[in-house]
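My entries follow in the order of looking.

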Amino acid sequence: TGRPEKLTLKYNSTGANSDYQPESKASCRAALYPTNALVTVEGTTFDLADGDVFTITPEYGSFSAYTDFEFSGASDSNCFIHTSCSVPIVPGDQIGPFEVVGDEDCSPEPRNRCIYATVGTDDDGETTISVDFDYANLDENRIWAENCDARDVNCPGFDLTPKPSDWIGFYPCEEKDTSPLNFQVEPTFWAYTCYERSCFRDDPSTATSVGTAPFSDKTIPAFARQGIYKTIAQAEAMGGGCYIVLLNQITGYSAAPYYNICMGNEIMLPDKSGR
């Protein structure tokens, strides 16, 4: 992930909670802010009223992970937002009194992985996740979870040949750091690489090794979002937050964890717990 070179915001004295930056990442929240405010950020003071648009440039060449906003004469309104692109800065999203107008030059994570997820919305405003994957000729030296059980003589080194039973799963980001092994739980939601159905028993020659899986609650197969699994909307209602996408085999030494083919990027799901 990178950081924006500048950030354009619009001031709104009626604050709102961000759909993408939780309270742990942004203390600018839904509240009433001064109608007219002198706000100092990155060494520059802005004279702001409702609807004013202003552009912030970093004082020392680059934004830090958190950017502070100081309100002159109204210190109770002081707050910060996250300005590392590891947490989305999304045009149209309002973070406290600041609506994001532009996140210029917010460099995306390099797409050098065999699986990569991108969050979007459909015409009904529901979250979608487009997952691109390509592991037709995957090298052993790939980005993966490296979560082999010490007793497992087949890991690392298990066969990476694409299979119809390979699947895409989304896990809370904290599962990446559990011990003794990471990703020792079932995914929050998932689907086979063929996506729209169960292809577990298909002919091996039909494996989908390159493709795009259009994850949404309208299209995820029922078996992949029921029982112990959740819908995207349910994950958002529980607070959303950071998720990571994995491409897994259906087997493992003592699954879970499953044999991980490769580990993708992190995404942020909106926090819709208050809706």
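What percentage of the 275 residues in the protein chain is buried? I looked it up: buried residues make up 47% of them, where buried means under 20% relative accessible area, exposed over 50% and partly exposed in between, with a 1.4 Å probe and protein chains only.

I note that this is a predicted model, in which local features need pLDDT of at least 70 and side-chain atom pairs count only at pLDDT 80 or more, while totals for chains, interfaces and linings use all residues. Residues are numbered from 1 along each chain as its sequence is written, and side-chain values use heavy atoms, with hydrogens and water left out.

Overall make-up. I find one helix and 14 strands in the protein chain; these are DSSP runs numbered from the N terminus, helices being H or I of at least four residues and strands E of at least two. I read the span of the C-alpha trace along its principal axes as about 65 × 35 × 30 Å. For contacts (heavy atoms within 4.5 Å), residues 24 or more positions apart account for 67% of those with a separation of 6 or more.

Cores. I took a nonpolar core as a set of buried Ala, Val, Leu, Ile, Met, Phe, Trp, Tyr and Cys residues joined through side-chain atoms within 4.5 Å. The largest has 46 residues, and Ile115, Ile129, Val131, Ile168, Phe170 and Phe215 touch the most other members. Elements giving two or more residues to this core include strand 8 (115-121), strand 9 (127-134), helix 1 (232-237) and strand 14 (260-269). A second, separate core of 23 residues includes Tyr11, Ala26, Tyr33 and Val100.

Glu42. I located Glu42 in the loop between strand 2 (36-41) and strand 3 (44-49). A polar atom of the Glu42 side chain lies 2.8 Å from the backbone nitrogen of Glu59. Beyond four places in sequence, the contacts of Glu42 include Ile56, Pro58, Tyr60 and Phe63.

Backbone. I checked two cis peptide bonds: Cys155 to Pro156, with omega about 0°, and Ser179 to Pro180, with omega about 5°. Pro156 sits in the loop between strand 9 and strand 10, and Pro180 in the loop between strand 10 and strand 11.

Which value does phi of Phe183 take? It is positive, about 55°, although Phe183 is not a glycine. Phe183 is buried, with a relative accessible area of 2%. Tyr195, in the loop between strand 11 and strand 12, also has a positive phi, near 75°, and counts as buried at 5% relative accessibility.

Technical notes: A polar contact is a pair of N or O atoms within 3.5 Å; within protein, one must be able to donate a hydrogen and the other to accept it, and residues adjacent in sequence count only if both atoms are side-chain atoms.
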